[in-house]
Structure formats: structure tokens, C-alpha cells
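Please read them with the structure open.

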Amino acid sequence: MSKKRIKLSREAAYAIAMLIMPFSISLMTKANLGLSMIAAPTYIISERVSFLSYGQAEYILQTLLLILMSVVVGKFRPIYLTSFATAMLYGTILDGFLWLTSPLAVTALWQRLCLFLFGICLTALGVALFMQTYLAPCAYDYFVRTLVQEKRLDLKKTKLINDMVYLAFSAVLTLTLFHKFIGITWGTLFITVVNGHIISFFNNTMEKHIEFYDRFPKLAKYF
């Protein structure tokens with residue numbers, strides 16, 4: 001007899017992801033063991049451009065990514081603009097969590113490792129939740145999701161290639177702006193290798209134990 005699955009609305013999945021994703025980035029920033037290849041570019045930019053916060057750099061870069069996404073898939077849908085709204089909200093929440101976690105004293109290596117590993121898992125869970133909602137996620141995840149849907153690509157492989165491109169971009173960016181590595185360490189390489197696998201794990205686990213549904217089906221049809 002199969003176990004009854006937990007019911008969770010796609011709208012709630014979106015809200016949860018919108019909280020845990022920026023929270024995970026704030027933890028990994030605090031750990032200072034390397035950011036994900038997705039988060040690194042905006043961190044690097046915000047460290048160089050003094051008048052831009054980390055969150056502000058996020059929604060600027062995500063806007064550019066949405067434009068690129070429209071070019072790659074060969075079409076533009078007005079609904080893509082909702083991802084820009086998500087980017088604005090994401091950046092604001094990120095700056096809030098960075099402010100809240102700034103007083104934390106994390107010096108011991110084991111403490112930094114715990115924050116780093118916990119941040120990796122939370123990030124992957126957030127991505128997996130975003131994949132389950134019809135609401136537009138951040139442009140990074142929306143880009144992957146749209147490519148998978150429009151081009152019928154494999155999620156794990158597409159995510160891995162996407163991450164490798166971001167890793168290369170981050171490396172070029174930090175060497176160009178600082179002539180050294182900022183925000184990129186061995187931890188970034190580790191995330192690049194394991195991120196797709198952890199996301200797939202959460203996706204498979206949720207499919208077995210969670211039944212997602214639309215609380216507002218009339219709204220969902222527009223996405």
C-alpha cells in the first residue's frame with residue numbers, strides 16, 4: 001500500500017523557495033568558502049561597484065539573462081516579465097538576509113563548513129521547488145526550466161552545462177575586475193560538480209512524497 005503524499009500548493013512552493021534561496025546565499029557568503037557559480041558573478045560585481053548592493057546586482061544581471069533567454073528560445077512572452085518581478089523580490093530579500101546575518105561571528109573552520117554545506121542543500125532545495133511552480137522563478141532557474149521545456153532537454157545535463165558556463169564566466173569576471181579570485185574557491189568547484197545531483201535528488205524525493213497542486217488554477221493558466 002503506497003503512502004499518502006503530502007499536499008503542497010505550487011504557490012506555497014514558490015514562497016518557500018523565495019525565502020530559502022536568498023537565505024542560503026547569505027549563509028554561504030558568511031562561510032566564505034566559495035559561492036555557487038550562479039551567485040558568484042553578482043557578488044563579484046557588487047564587490048567592485050560600490051554603489052550596487054549584492055541584491056541590486058542580482059536583478060540587473062537577471063534582467064540581462066531574461067533578454068538572452070528570449071533570444072535563445074526565439075520568442076518573447078509577456079509572462080517572462082514576471083521573472084523580473086521575482087528577481088527584484090529575490091534581490092531585496094537577499095540584502096535583508098545579508099544584513100540579518102552580518103553580526104554572526106563565524107570563525108572556526110567547522111562552523112564555516114557547516115554553513116557552506118547547509119547552504120548548498122538549501123540552494124538545491126530552492127531550485128527544485130522553483131521547478132515545481134508555475135510562477136516564474138529567478139531568471140537563472142527560469143532560463144534552465146524554459147530551455148528544458150522548449151527544447152525538450154534533459155534537466156540534469158542542462159543544469160550541469162549551465163553551471164559550467166557560469167563558472168567560466170565567474171572566473172573571467174573576477175580575474176578581469178580584481179586580477180585574483182574573489183568569491184570563487186575550491187567550494188565553487190565542489191558545488192559545480194554536485195549541484196545537479198542534489199537538485200535531482202530533491203526532485204525525485206518530492207515526486208514520491210509531495211503532491212503539488214494549483215491553489216489558483218485560473219491564474220496558473222496564464223503562465
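1. A polar contact is a pair of N or O atoms within 3.5 Å; within protein, one must be able to donate a hydrogen and the other to accept it, and residues adjacent in sequence count only if both atoms are side-chain atoms. In this model, a polar atom of the S36 side chain lies 3.1 Å from the backbone nitrogen of A39.

2. On the basis of the notes: this is a predicted model, in which local features need pLDDT of at least 70 and side-chain atom pairs count only at pLDDT 80 or more, while totals for chains, interfaces and linings use all residues. Residues are numbered from 1 along each chain as its sequence is written, and side-chain values use heavy atoms, with hydrogens and water left out.

3. Where is S36 placed? S36 belongs to the loop between α1 (10-31) and α2 (40-48); helices (H or I, at least four residues) are DSSP runs, numbered from the N terminus. With a relative accessible area of 6%, S36 is buried (buried means under 20% relative accessible area, exposed over 50%, partly exposed in between; 1.4 Å probe, protein chains only). Neighbours within four places in sequence aside, S36 is in contact (heavy atoms within 4.5 Å) with M28, T188 and I191.

4. Rings of Phe, Tyr and Trp (its six-membered ring) pair if their centres lie within 6.5 Å; planes under 30 degrees apart count as stacked, over 60 as edge-to-face and the rest as tilted. The count by this rule is eight aromatic pairs. Y80 and Y142 have ring centres 5.8 Å apart and planes at 85°, so their pair is edge-to-face. This pair links distant parts of the chain, 62 residues apart: Y80 is in the loop between α3 (54-73) and α4 (81-101), and Y142 is in helix α6 (residues 139-151).

5. Are the two tyrosines, Y80 and Y142, buried or exposed? Y80 is buried at a relative accessible area of 3%, and Y142 is buried at 5% relative accessibility. Together with F76, Y80 and Y142 form one aromatic cluster.

6. R48 has its charged end over the ring of F178, 4.5 Å from the ring centre. The rule asks for NZ of Lys or CZ of Arg within 6 Å of the ring centre and within 35 degrees of the ring normal.

7. Most residues other than glycine have a negative phi. N32, not a glycine, has a positive phi of about 55°; N32 is in the loop between α1 and α2 and is exposed at 55% relative accessibility. H179, also not a glycine, has a positive phi of about 60°. H179 is found in the loop between α7 (155-178) and α8 (186-209), and counts as exposed at 67% relative accessibility.

Notes: Helices (H or I, at least four residues) and strands (E, at least two) are DSSP runs, numbered from the N terminus.
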